[in-house]
Amino acid sequence: MAARTALRAGGGAAVAGPLALPASALRWTCPPLRPSGRPPKAAFLLGQERPMAALRTGLSMHAPGYNLFVSGLVGSGRTAVVEHLLRDIQPVCRRVPDRVFVHNFREPNRPLLVSLPAGRAAAFRLELLELGRTLIGSLEAALRSRPHRMSRRVVLRAGSSRERRIMEALQRQAQKQGCALVRFQAQGGASTADIYPVVDGEPITLDALSALVIEGKVDEAQRTRLMQQREQLLERLDEVNDRVREERQRIDGELRAMDRQLAFRVLQSLTKAFQARWPQPEIADWLDAAGEFVERHLHRFLGADDGDDESRAGEVEVAAAPEPRLVEFQANVVKTSCSDACPVVIETNPTYANLFGTISAPADGAAPGPTNVHPGALLRAEGGYLVLRCLDVLRENGVWPQLKRTLQTGRLEIREFDQGAGTPTGALQPEAIPLEIKVVLIGEPGVYEHLAGEDPQFPQIFKIHAEFDTTIAVDAENLTRYADYVQWLVDSERLRPFAPQAMAAIAEYGARAAGRRDRLITRYSELGDLAREASHLCEEAGARTVTREHVEGTVQRQRRRHDLPQELTERDYASGYMRLSTSGTEIGQINALTVLDTGTIEFGRPCRITCNSGVATAQQSGLVNIEGLANLSGPIHDKGVMILEGYLLQEFGREGPLCMQATICFEQLYNGVEGDSASLAQLLALLSSLSGVPLRQGLAVTGSVNQKGEVQAVAAVNDKIEGFYRLCRARRLTKDQGVVLPRANVGDLMLDREVVEAVARGEFSVIAVADVAGAIEQFTGLPVREVLDRVRATLREFRAVARGS
């Protein structure tokens, strides 16, 4: 299986032939690593300048839409990585004002926003509450002061005197006309008046007057005259009552004006000093509205009266006033800044209430007010950065549309949220808060492009896309990053010290996880778990220093925890339940390599592919993909089968119609197949069936093929090779077994040490091919020209049969 040169299947220029890889080419061995002694920072660990430059641009630009979308950081610790990145970069943040909600006297359902200098909100809240207490005490003292009571008494007595004179004038007029003005005291203290006729110097009722007429004591003419006089006086009484009511209203108005004037003077004296300490325009406006409200609702701020009734007459419900209430003077601090540090808020549960804030229901069942407004993560992060996981945001009902609206307008609205309707609701609508914030969304690779395609507004809201690669190159600087990270874990978590070879073993694990030996993963959370478990294994063994053996043993333990599906699959092959040959030769039968992914582990699974071919008319000619007909294959696999027909047309189509029909099947595969990594195996099985040349069953193959016969790279070659190796080992290695893979995948090889050692002993082979010709020679042992000539001969026979039928 030594390297040699072979002709391209269709003739032409020579290309590199099959190459049996030496053991040294199957695995990268890392040299011993030593930390630099510098504490690692997140930016240093990731080692990627392009996304870091994007992050620095996004963090330093204070303009609309410069929010950040970070992708490519894979692993459970990516949120922590972003947090460390933000703190390491140390962006300049603008210190934002404190935010306070106060009662809106003009529209109580729309609390007003007051913006204060940073760190001053708590003092404002205390001073405002103290202003309310002082105001209530001062108003009570002023309105119940002796001078004010005396002034009220003068007004009340003057009004009563005018009312008596009016009523006395009416009484004299009634006497002149033979009637009398009679007053009645009704329940509740109110009084009424009526006009009664006078007979023999005494006022009598209308019923009594009628009785006197019947008895003959009063004649009808006198009765008629009295009734006419009474009717005239009643009209006059209505006019007098109107004048009395107007007089009383005038008195009440004058008394109210006196109270309000006094209250205004009290307010002016108290608020002048308060406004001097808090000169914000919105506070001045609020104080004006508060003054108007207090003047109109003095009873809300006064207790029960203990003075004489006469001095308090005309005051609005003073006697029934409730206890003093300070609700209107209670401020709600929803945002305050106590330091110059740039806030970085990580919201792991971005529900509508957690993100935007909410409004709670008062305990006493009253209408909600400013004190029931509760801020969310957006307001807590104002002036800094809010870190969210994109998938969490998209999952929450109503969150994504409202987040876009908030970032577009730069204004935060705190509302109740109706989960059923998915929209904000509620009667209380606090004033919108101007918001200066940068949102950092963490998403999976490809999510930014998908959202940008679905929503044209998305790229305008998240203008910065910091896309990190999931791997970094294997070089001295990045290997030092690995060593520094492991040493940082040792120091910060008090792990056992790591030997240089142990750190090298962790780097080798990073290369294997990256899928290429020239790349290292950046999933540092995964590396951290490996280091912790290796330290634990070291402790169990009673060793003082973590060695390479501890790290490699930990990797085996981690895999062992999840490899039951692999064990069950290999058990089926060992028992013969799954049919697959690892020795001998067969026509139209080949071992392909597939990968099963359980979600926690990937492992290689060899699979038998078979092909049968026969004569068909030109119209019926073609390949039958049995998995495709059974709806067990995906579109990429179906495309790979179609490419096989393209290869046949290139090699044999110019000689006439193929007149061939062939069926290709993955035997004993019932859970579906996707991908084109088995297309090379399918093509070899097809060529074997058509040529009658048997294929070596001790070999397995992986690789995709194009219409020109070139073999192309595939994924997961390490798992595939190791899966077939384990099967051959279980059945006994014969030194005639191995795997054929694309030459383009040689750089991906990071095989298990057991496989490498088997290759070194000559018990197993790993062969790289660049084209179909090389693969044909490896599986048949014949020159590619001879095999293809046999295929041509078979196709000529098929055409002859098809013409004669």
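Me: How do you know how helix α7 and helix α8 run relative to each other, roughly parallel or roughly antiparallel?

Reply: Look at the angle between their axes. In this predicted model, the axes of α7 (residues 220-277) and α8 (residues 281-296) come within 10 Å and cross at roughly 155 degrees. Angles over 145 degrees count as roughly antiparallel, so α7 and α8 are roughly antiparallel to each other. The crossing of α7 past α8 is right-handed.

Me: What makes up the contact of α7 with α8?

Reply: Contact means heavy atoms within 4.5 Å. From α7 come Arg260, Phe264, Leu267, Thr271, Phe274 and Gln275, and they meet Ile283, Ala284, Leu287, Gly291, Val294, Glu295 and Arg296 of α8. Sorted by kind, the residues of this contact are seven nonpolar, three polar and three charged. Gly291 is one of the residues from α8, and Gly counts as polar.

Me: Now the largest pocket: how much space lies in it?

Reply: About 1600 Å³. Its lining has 47 residues, and the closest to its centre are Tyr509, Arg512, Val555, Arg559 and Asp719.

Me: Which elements give two or more residues to the lining of the largest pocket?

Reply: They are α17 (500-514), α19 (548-562), α20 (564-575), α24 (717-731) and α25 (753-760). The largest share comes from α19, with 10 residues.

Me: What kinds of residues make up the lining of the largest pocket?

Reply: The lining divides into 25 charged, 14 nonpolar and eight polar residues. Asp and Arg count as charged, and Arg512, Arg559 and Asp719 are among the residues closest to the pocket's centre.

Notes:
Residues are numbered from 1 along each chain as its sequence is written. This is a predicted model: local features need pLDDT of at least 70, side-chain atom pairs count only at pLDDT 80 or more; totals for chains, interfaces and linings use all residues. Side-chain values use heavy atoms; hydrogens and water are left out. On a 1 Å grid over the protein atoms alone, a cavity is a set of points where a 1.4 Å probe fits but cannot get out, and a pocket is an open set with protein on both sides within 12 Å along at least five of seven lines; lining residues have an atom within 4 Å of a point. Grid points are joined across faces, edges and corners, and a volume is the space filled by probe spheres set on the points. Helices (H or I, at least four residues) and strands (E, at least two) are DSSP runs, numbered from the N terminus. Axes are lines fitted to C-alpha atoms, for helices over the stretch in contact, and angles run from 0 to 180 degrees between N-to-C directions. Angles under 35 degrees count as roughly parallel, over 145 as roughly antiparallel, 65 to 115 as roughly perpendicular and the rest as oblique. A crossing is left-handed if the near helix is turned anticlockwise from the far one by less than a right angle, and right-handed if clockwise.
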